[in-house]
Amino acid sequence: MPELPEVENARLVVEKALGRVITDIDDSDTYECRPHRPGDIRRALEGGTLTTARRRGKAMWCDTETADGTGGPTLGIHLGMGGRVIVTAPDGDETSQYGGGDPHVGERDTDKPEWTRFAITFDDGGQLRLFDKRRLGRVRLEPDIDALGPDAAEISRQDFRDRIGSSGAPLKARLLDQAAIAGIGNLLADEVLWQCALSPARKAKTLTTEELDELRVVLRRAIRSAIRQGGVHTGEVIPFRKADATCPRCGSPMSRGTVGGRTTWWCSKEQS
């Protein structure tokens with residue numbers, strides 16, 4: 001599943017589609033566009049424009065404007081496990097794309113029209129497309145984001161202390177709780193806990209204020225690095241999340257278990 005850095009990079013691609021007049025929409029995939037019926041999204045947005053590309057955690061959406069200049073419905077775009085957002089420049093010039101990093105999807109595969117699940121065509125000849133081989137993405141009007149906690153890249157120090165440090169849940173499970181803090185997935189959680197040398201199974205409420213503050217600083221730094229480098233898979237410990245691997249910092253064996261219902265890796269010495 002894409003995490004905050006992947007979605008942020010996809011949002012930056014969507015920005016290339018802003019302000020361009022929508023002349024047509026293919027929303028015929030009833031699974032990807034559920035619960036809408038074919039034509040619902042097209043009728044709501046045709047003739048208007050996408051005005052702002054927004055994100056909170058792993059959720060991404062666009063504000064829209066109708067043809068008469070009034071505010072239109074928001075358009076939610078979810079990448080699923082391996083979706084890619086593709087935006088083409090006017091008249092088919094250079095294409096920008098970003099997505100969930102599905103290792104089974106290469107750039108040549110994006111030429112396969114049957115894997116384009118949703119498409120917006122603009123009056124300049126360009127398009128915004130959701131390319132999704134696995135068909136696990138989602139496009140819908142007026143997505144509900146009210147249940148999400150504050151964005152992990154922007155959460156304040158005090159809010160982080162209150163939301164993470166007050167929980168009796170295992171630390172990793174609390175970080176993965178999107179209602180507490182939005183945007184952290186399995187890989188990012190393992191990365192930041194390894195960088196801080198904190199046990200993923202430790203109860204969150206046992207962290208000191210200093211430990212919570214350091215965890216927030218490391219989290220924000222890891223997010224910035226992953227955005228810059230292209231995704232959470234670029235983290236320092238991620239290549240060592242496998243059997244018979246050793247900690248890249250101290251050389252101790254990596255341990256594997258389940259925390260918060262997710263497969264978890266940690267250094268057997270430093271994160272015990």
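Predicted model: local features only at pLDDT ≥ 70, side-chain atom pairs only at ≥ 80, totals over all residues.
1. Helix 5 against helix 6. Helix 5 spans residues 186-196 and helix 6 spans residues 209-229; the two pack at an angle of about 130 degrees, and their axes are 9 Å apart. Because angles of 65 to 115 degrees count as roughly perpendicular and those over 145 as roughly antiparallel, helix 5 is classed as oblique to helix 6. The crossing of this pair is right-handed.

2. Residues between helix 5 and helix 6. On the helix 5 side, the contact is formed by Leu188, Val192, Leu193, Gln195 and Cys196, which meet Glu214, Leu215, Val218, Leu219, Arg221, Ala222 and Ile223 of helix 6. By class, the residues of this contact are nine nonpolar, one polar and two charged.

3. Helix 3 against helix 6. Helix 3, residues 157-165, packs with helix 6 at an angle of about 110 degrees, and the axes are 10 Å apart. Helix 3 and helix 6 are therefore roughly perpendicular to each other. The crossing of helix 3 and helix 6 is likewise right-handed.

4. Residues between helix 3 and helix 6. Arg157, Phe160, Arg161, Ile164 and Gly165 of helix 3 make this contact with Thr209, Leu212, Asp213, Leu215, Arg216 and Leu219 of helix 6. The contact divides into five nonpolar, two polar and four charged residues. Leu215 and Leu219 of helix 6 take part both in the contact with helix 5 and in the contact with helix 3.

5. Burial of helix 1. Helix 1 is mostly covered, with 10 of its 11 residues buried. The buried set consists of Leu4, Pro5, Glu6, Val7, Glu8, Asn9, Ala10, Arg11, Val13 and Val14. Charged side chains such as those of Glu6, Glu8 and Arg11 are thus listed among the buried residues of the helix.

6. Asn9. Asn9 belongs to helix 1, which covers residues 4-14. Its relative accessible area is 11%, so Asn9 counts as buried, the cut-off being under 20%. A polar atom of the Asn9 side chain lies 3.2 Å from the backbone oxygen of Ile227.

7. Ala197. Ala197 is placed in the loop between helix 5 and helix 6. Phi of Ala197 is near 55 degrees, a positive value in a residue other than glycine. With a relative accessibility of 33%, Ala197 counts as partly exposed. Setting aside residues up to four places away in sequence, Ala197 touches Arg249, Glu270 and Gln271. Ala197 and Trp266 are 69 residues apart in sequence, while their C-alpha atoms are 8.7 Å apart in space.

8. Asp244. A positive phi in a residue other than glycine also occurs at Asp244, where the value is near 70 degrees. Asp244 lies in the loop that runs between helix 6 and strand 10, residues 254-259. Asp244 counts as exposed, at 82% relative accessibility, whereas Ala197 counts as partly exposed.

9. The bond from Arg34 to Pro35 is cis, with omega near 5 degrees. Pro35 is located in the loop between strand 1, residues 22-26, and helix 2, residues 40-45.

Terms used: Residues numbered from 1 in each chain as written. Heavy atoms only, no water. Axes fitted to C-alpha atoms, helices over the stretch in contact; angles between N-to-C directions. Helix = DSSP H or I, 4+ residues; strand = E, 2+ residues; numbered from the N terminus. Parallel < 35°, antiparallel > 145°, perpendicular 65-115°, else oblique. Left-handed = near helix turned anticlockwise from the far one by under 90°. Contact = heavy atoms within 4.5 Å. Buried < 20%, exposed > 50% of the residue type's maximum accessible area, 1.4 Å probe, protein only. Polar contact = N/O pair within 3.5 Å; in protein donor to acceptor, adjacent residues only side chain to side chain.
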